[in-house]
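Reader: I am new to this one, and I would like to go through it slowly with you. Could you put it up first?

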Amino acid sequence: MCYNNFMQYDRFQQEAINYINRDHSVIVCAPTGAGKTAIAEYIIQKSLKIGQSVIYTAPIKALSNQKFRDFQSQFPDKIGILTGDVSLNPDACILIMTTEIFRNKILNEPETLKKYAWVIFDEIHYIDNEERGTVWEESLIFLPSHMRILCLSATIPNIKEFAEWIESVQRRPLKIVVEDKRPVPLRFLFQCRNEITDDLSDLKKQLTSRVPKKFHRANRIVTLINYIRQNKGLPCIWFVFSRKRAEDLAFELYSFDFLKQSEKTQIVSLYDQLCRRFDLSGEESANRLYYLIQKGIAYHHAGMLPTLKEVIEQLFTSRLLKVIFTTETFALGINMPARSVVFDNLRKYYGRYVRILKVRDFYQMAGRAGRRGMDKVGFVYSRINPGLINFEQVKEIISGQAEGVKSQFNTSYATLLNLYERYKEMILEIYPLSFHHFQSRKHAKIEALRLMQAKLKLLKDLNYIEDSSLTHKGLFARSIYGYELLLSEFYETGILEKLDEFALGVLCVAIVFEPRKNQRILGRLPKNARYLREICEKTYESIKFREMKYRIYPQSKKLYFHLAQTTQAWLSGTRFSKILRFTDTDEGEIIRFFRMAVQILREINSSAFV
């Protein structure tokens, strides 16, 4: 893309580019697939031409990795990536990273950001994420004054409020660019009682009719997939909210064959080639998928091996896969459009409970329907269960106002320690800069400030801070985000130094592991792991008691030793396929927890030498 060829840009893209040329920061809201990435590419090309550097942040590692691959083909030798798992060319002119890495650089290594003129925040609405949203907020509050920002999002109804807050902390204008029109319009259809309609009036009759339950017809997957196929709706992305159901539904279609013989030959050849490249040949999970792949069917979810997910993504972009059953992460920024999107359900689990799908989440996924330049319309099918959802709720999801973004500000202990080192007792003056303060009512502001004060008191009580300075333990803790108290207490008492490599690995995996609801440890814990768990639980209970005393929430994460045997076996050199017998955790999750543990070990190693 030639960055000065203005004629190729849409109206909203050109508007954003005009602001960028005047050195303004910009926030862009446009539907999924509208072409927001072209604006980011313009900034990158313009910056490279005048000798400036750019940081591109993404909310998840998978999106960071995809952007790295995309930009690598456009800007070879100029690109680098930092995700915690991967560090390639870390001083590159174009540096891609997760937002956590960027926040940590701002607080711990601000000098490394001096050469970067722009930072691009992809999926900026993630500031609303309950677990990780505060990372975006802290990044914007403490952003170096020389950096301009480009924020990209599909939907932020309260964009004016959000932009006003950013302007207030940045002390410079932030230009708003909004595009409501989709490049490919959506057509909504519904499967209810095994009938398919695009008429809301018909749907209402089906949902409100008093037909005895024994005469209710269940929605059949075969009915819907035949309808989609007959109406030339393939390829299709079928969103589900359960990993197991994604696989079950895929195999439920095993009797179908969506490929011509020539396509079958191509996809099998490509699958074999990719499996060899990613060392997946012989892997049971890859072999299991083979039977579906040769019929144009696949599934994709976080429990799969990361390399196998990569293979499926590449197959999908080849247009040889016709139906893919996947969880919602497939909709997040990854450029995987299809002609049709199916919602297996309009209810999902939101952290603590199951509720009706948020409008914003619905359109994030629905936006994958309709391929720009290929389709005149995108088809969105919703499977409706009358026992779980009523007509008004369906109507609200389809035509309601998307939810505005809300602050999830909750500063970590590590962030407080970094800020205290810089601002001392003036640290409490940071909170009024937050988006939480900007948009909250009086009682919420008071409680948020009390929580910061409480954390500060606890840090002083546990001797992380003494005489207005960080102690050696405080210096250690400031670089370990999310698990700082537990690891720092182990560090101070010398426990970490007494552990061999096996016990240290088991400890770090236990710190990051999150069990499924009612998940139990398989078998009996090894003796050394039982002893380690006893020590850890005593330390954790001490921390928990202090947090309860100061009314601090959410409390520090508990340790879970479900992967103790798995970790020991892996560290002993056991093949990955063999360690799976020690746990019922998905193989992709095992790798994710191992990677998180490795990141903690890196942080411990770097912090121990402060």
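Author: What follows is a short talk about a helix pair, the nonpolar cores and some backbone features.
Author: This is a predicted model, in which local features need pLDDT of at least 70 and side-chain atom pairs count only at pLDDT 80 or more, while totals for chains, interfaces and linings use all residues. Residues are numbered from 1 along each chain as its sequence is written, and side-chain values use heavy atoms, with hydrogens and water left out.

Reader: At what angle do the axes of α10 and α11 cross?
Author: The axes of helix α10 (residues 261-277) and helix α11 (residues 284-293) cross at roughly 165° and come within 10 Å; helices here are DSSP runs of H or I with at least four residues, and strands are runs of E with at least two. Axes are lines fitted to C-alpha atoms over the stretch in contact, and angles run from 0 to 180 degrees between N-to-C directions. That makes α10 roughly antiparallel to α11, a word used for angles over 145 degrees.

Reader: And which residues of α10 and α11 make the contact?
Author: From α10 come I267, V268, Y271, D272 and C275, and from α11 come A286, L289, Y290 and I293, where contact means heavy atoms within 4.5 Å.

Reader: Changing topic, which residues touch the most other members in the largest nonpolar core?
Author: They are F102, F162, W238, L289, F325 and F362, in a core of 176 residues. Such a core is a set of buried Ala, Val, Leu, Ile, Met, Phe, Trp, Tyr and Cys residues joined through side-chain atoms within 4.5 Å, with buried meaning under 20% relative accessible area, exposed over 50% and partly exposed in between, for a 1.4 Å probe and protein chains only. Helix α21 (residues 501-512) gives the largest share of this core, 8 residues.

Reader: What is F162 in contact with, leaving aside its neighbours within four places in sequence?
Author: F162 is in contact with I27, I124, I127, L140, I156, V405 and F435.

Reader: Where is D279 found, and is it buried or exposed?
Author: D279 is found in the loop between α10 and α11, and at 66% relative accessibility it counts as exposed. D279 also has a positive phi of about 55°, although it is not a glycine.

Reader: Which peptide bond ending at P235 is cis?
Author: The bond from L234 to P235 is cis, with omega near 5°, and P235 is found in the loop between α8 (221-230) and β11 (236-239). Y553 and P554 are also joined by a cis peptide bond, with omega about -15°.

Definitions and conventions. Angles under 35 degrees count as roughly parallel, over 145 as roughly antiparallel, 65 to 115 as roughly perpendicular and the rest as oblique.
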